[in-house]
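Please open the model in a viewer and keep the selection tool at hand.

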Amino acid sequence: MTTKLFGEPVQRREDLRLITGEGRYLDDLGKDALAAAFVRSPHAHARIRGIDVSGALEVDGLVAVYTWEDLPEGVRDPLPLLIPHPALTHGRTAYPLARDVVRHVGEPVVMVVARDRYLAEDAAALIEVDYEFLKPVVGIEEAVQGVHLVHEDVPGNVGAHLVQEVPSPGGAGAREAVDAAPHVLAFRLDIERSASTPLEGRGVYARWDADDRSLRVYSSTQTSTSVRMAVAAKLGLPLPSVEVIAPDVGGGFGVKIVHPWPEEVLVPWAAMLLGREVKWAEDRREHFISSAHERAQVQHVRVGFDDEGRVLGLDVTILHDHGAYTPYGIIVPIITATQLLGPYRIGAYRVEFSSIYTNTVQVTPYRGAGRPQGVFCMERTMDRIAAHLGLDRTAVRAANFIQPGEFPYDQGLIFQDGRPLIYDSGDYPKSLSMLKELIGWDAFPQAKERAAAEGRRLGIGLACYVEGTGVGPYEGGHVQVTSDGRVHVSTGLTSQGQGHETVFAQIAATELGVPLDRVSVVTGDTRRFGYAVGTFASRAAVMSGNAIALAARKVRDKALRIAAEALEADPRDLEIEDGVVRVAGDPEASISLATVAVLSNPLRYAFDEEAKRATQFAGPASMDRPPVEAGEEPGLEGRDYYSPVRSTFASGMHAAIVETDPDTAEIRILRYAVVHDCGRLINPMIVEGQIHGGVAQGVGGALYERMVYDGHGQLLNASFMDFLMPYATEIPFVETAHLETPSPLNPLGVKGAGEAGVIPVSAVIAAAVEDAEGITVDRMPISPSELYELRRATAP
Amino acid sequence: MKPSAFDYHAPRDVGEALEILAATAPHGKVLAGGQSLIPLLNMRLAAPAHLVDINRVPELDTIEAGGAGVRVGALARHAAVERSDSAARAQPLLRTALRHVAHPVIRNRGTVVGSLVHADPSAEMPAVLVVLGGSVRLARHGGGERDVPAADFFTGPMESAAEPGELAVSAFFPALTPRTGTAFAEVARRHGDYAVAGVAAVVSLDDDLRIRSARVACVSVGPRPAPLDVTEECGGRPAATVDWPSVARAVSLRVDPGDDIHATAGYRRHLTGVLAERALRVAAGEAADG
């Protein structure tokens, strides 16, 4: 059947437009808008003594210059702390323009508006800010000493401190369980900073309509609905007077879920004040120094285990570098702390984290959002246990797996959504056996030996993860069939290239029984759908996918009711196929969805031939009943929402074979294998694409990318020349296998897939390099230079 | 990342270009392929008052390969030189090394002479010019031309002997002589990146197939590519009996790398040795075959 598209590898419908230059990204809009540019702090920590803008006033084409002093009530307030948490006792956010102290290089200090971006940058370069230097606090080690403070009123630089503890079944605390275990290991792990680095930076374009006092804002955001509410609140505008649209967005990966950014408040405000269109498109250097980073953590691990490698107690203390501000709360370290346990049943677990301020770019979620760090911790721990006991690394994992019969499995922790961390479904032993088969785990030792005989060093590694996806609170979907038979789907969350136009259309087409080419999808446009949360946490397919399915089912029910009346049939005998409603077994008795849509909307006026059929003199009607029955609405459309009781838990396992050069210490990934379980697959081709992209970002994090700050808080590699995002040439072919354990929590049985690929890669590569070299790898990323130094340091 | 204002000049011949450069010196900057200059302008790390775009000067778009060597005009793109069979026959090191220069898209636009004048010690072509003992031809309005030997041309990181008002009109790469082999080896963090370390090597044999001369020039391990002669370390032996590891060690001890965010000085020194050995062995092998 042509319309049963759920589960089919349908080609992405958005690609032709996007890869032939027909995309409409933020900077493609507003060609005539005024341009904004920002004077940003060149210092990591300084007090502003004065700002002299007089030089800028000479620039022909300058329109306005704003400092914090110029901002009105509301606009001038600190930006919101989006996700408060009781443990975040010292949450701090920035002002949209620095008020008196700058706390990282790149913090905006002055906003300049000019005729174009060239002139705006000319003017910005002529503004002189008088700074009094303060001691910058850089790096977790320095920050935890608390000698110098990032925020004067935050002692010890500790923004948050949280402990979660799950005692053993016998009631022992984790530390007690570790101490009592037959084997105990203690070690430290380090992960460095990286960042989302979408190819399109952030950007905002605002149009103020002075006649009806309404504001339209385009933002390269992962949440247009929430930007809308924030902008309306900051500017004191009625919500219905503000519309926010996410146009084509060239990647988000987490950084664009943060909002409102300073520019998202300031650009609309300036557009209103000036009565002119204003646009700001972030440039690459700005993105590096003024958006957000992630990943950096120091982890202290103590683990106790038995002779089979079963973990009896795990005690982890995490120092999380949060940068200068905490606008997104402590979501990242919470996820690390809770998702660390992965697919394992751990005897007793204690995790403690401190979220530490430093004079660096703020830390907010980046694809994986704390999970890569948690998986690094757990999987490095598993490898150490295996090494200590002389056991196969897969055997130690298998000894600790939660078994398929144990779901739902309660880990006893509170997850990032404030709800219990209960795994809904999965089959970890099967995943592992599929992975071993795919990579050839059992035969590898012979291959390694053969290579060694030729002077080559090969190593194999693996890592497992469980990922909470599809967090609430809700998303909605709207499905409308118009009288031309076309189906219009909208949902409030946004797209950044995931393929939503395709998968949401597949869902609607399948539910309604219409061909795919009749379905169009709009996302992230508050004119079409006002209620939404946003795209993050691998939630779009789970949340909007289910909401759209439910909305489509409403439309289907209504279509069947109307068609049943028209065909004088029982709705239960009807089916919809190829956009036509038929009586099952009677091909003559049918009516198209287009006609049903016409009939659903009683008309007085005939604007075309189809419409005539719904006008008041067109046919017999009961004169005793109103044209629109009580409880009904005109039109063939439906709206519904999906709100899950809690997250659904996807899982996966990766393995890699690497080769390290004995002379140059170069690290090459020879094979990369992925077994992935995200419940039912809506579109396997798109899921694979998501995995490939995720693995690519993971390889970046494992071998190439890091944010290098010097002791003064200067970011030394704020360009794509020195921040080494891998090219296609650095990414191995990714071999994939899918396992489908449907989620019992949602109607479609799906789980999220967006972030998965990135999560275990650092752990996998560390394990493989360790295996190749016989050297302990306890920090990532690792470069050839670092491997060389590691060899020297461990040489006898 | 928008450049500050500049006056744009688009001369149609070398004479006009030289006139403009003379009139605007020292505030004029030559734009050829723009693969380094445009980013520098956009980041406002360079802000010349005048940009002299030589892309409409066809007489500079030349590659002349002859018995003596290959003369590459200021507008010859990396890709054109890389693809030139006559250039590769005259001096095979050109093609070998150019394949390490960035990516095809950059090579389609970037020029060999532009890369030389930019004088980045991490770039491949300066090392090639140095190891071959080539030269750069500089012209100035009313002042004729001068040829500057490679050893004198590179004066420091991003600094060359080209003076304000001068235009580098061509570079000359001497031809491969009989019983001589060349090689280029490098390690870059990502495919096409500037090398963490790299070595260009030239080895010549005498009639008895003993090493007559062996030279290298190293990339990314000092302020400028310097020629290193290791003939003595080869001890006049046949290639097969040369103690290449000790020759390579001599190379690694004579370079002066620094630490940066991509590599420690120690790793760069070690890597230079590894690459020197690889390049010298290949060059010696080619010399024996040639």
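**Stop 1: a strand pair in chain A**

Select strand 26 (residues 648-660) of chain A together with strand 27 (residues 667-677) of chain A: the two run antiparallel and are joined by 10 bridges. Strands (E, at least two residues) and helices (H or I, at least four residues) are DSSP runs, numbered from the N terminus, and two strands pair if DSSP finds at least two bridges between them. Next, pick out A:Ala656, which stands opposite A:Tyr672 in strand 27 of chain A.

Before moving on, note that this is a predicted model, in which local features need pLDDT of at least 70 and side-chain atom pairs count only at pLDDT 80 or more, while totals for chains, interfaces and linings use all residues. Residues are numbered from 1 along each chain as its sequence is written, and chains are lettered from A and ligands numbered from 1 in the order in which they are written.

**Stop 2: two helix pairs in chain A**

Select helix 17 (residues 684-704) of chain A and helix 18 (residues 761-773) of chain A, whose axes lie 8 Å apart and meet at an angle of about 55°. Axes are lines fitted to C-alpha atoms, for helices over the stretch in contact, and angles run from 0 to 180 degrees between N-to-C directions. Helix 17 of chain A and helix 18 of chain A are therefore oblique to each other; angles under 35 degrees count as roughly parallel, over 145 as roughly antiparallel, 65 to 115 as roughly perpendicular and the rest as oblique.

To view the contact, show A:Val695, A:Gly698, A:Val699, A:Gly701, A:Ala702 and A:Leu703 of helix 17 of chain A, with A:Val761, A:Ser762 and A:Ile765 of helix 18 of chain A. Residues are in contact if their C-beta atoms, placed from the backbone, lie within 7 Å. This contact of helix 17 of chain A with helix 18 of chain A comprises six nonpolar, three polar and no charged residues. Ala, Val, Leu, Ile, Met, Phe, Trp, Tyr, Cys and Pro count as nonpolar, Asp, Glu, Lys and Arg as charged, and the others, Gly among them, as polar.

Move to helix 13 (residues 500-512) of chain A and helix 14 (residues 540-567) of chain A, which pack at an angle of about 30° with their axes 9 Å apart. Helix 13 of chain A and helix 14 of chain A are therefore roughly parallel to each other, and their crossing is right-handed. Among the residues that meet here are A:Phe504 and A:Ile507 in helix 13 of chain A and A:Ile548 and A:Ala552 in helix 14 of chain A. By class, this contact of helix 13 of chain A with helix 14 of chain A has 11 nonpolar, three polar and three charged residues.

**Stop 3: the interface and chain B**

Display both chains: 16 residues from chain B and 24 residues from chain A make the contact. On the side of chain B that touches chain A, helix 12 (residues 265-289) of chain B gives the most, with four residues.

Within chain B, select strand 6 (residues 135-140) and strand 7 (residues 144-149), which run antiparallel and are joined by six bridges. Strand 6 of chain B and strand 7 of chain B form a hairpin with three residues between them, and B:Gly142 in the turn has a positive phi of about 75°. B:Arg137 stands opposite B:Asp147 in strand 7 of chain B. Strand 6 of chain B also pairs with strand 10 (residues 166-174) of chain B, in the antiparallel sense over six bridges. There, B:Arg140 has B:Glu166 in strand 10 of chain B as its bridge partner.

Note on methods
Two residues are in contact if their C-beta atoms, placed from the backbone, lie within 7 Å. A crossing is left-handed if the near helix is turned anticlockwise from the far one by less than a right angle, and right-handed if clockwise.
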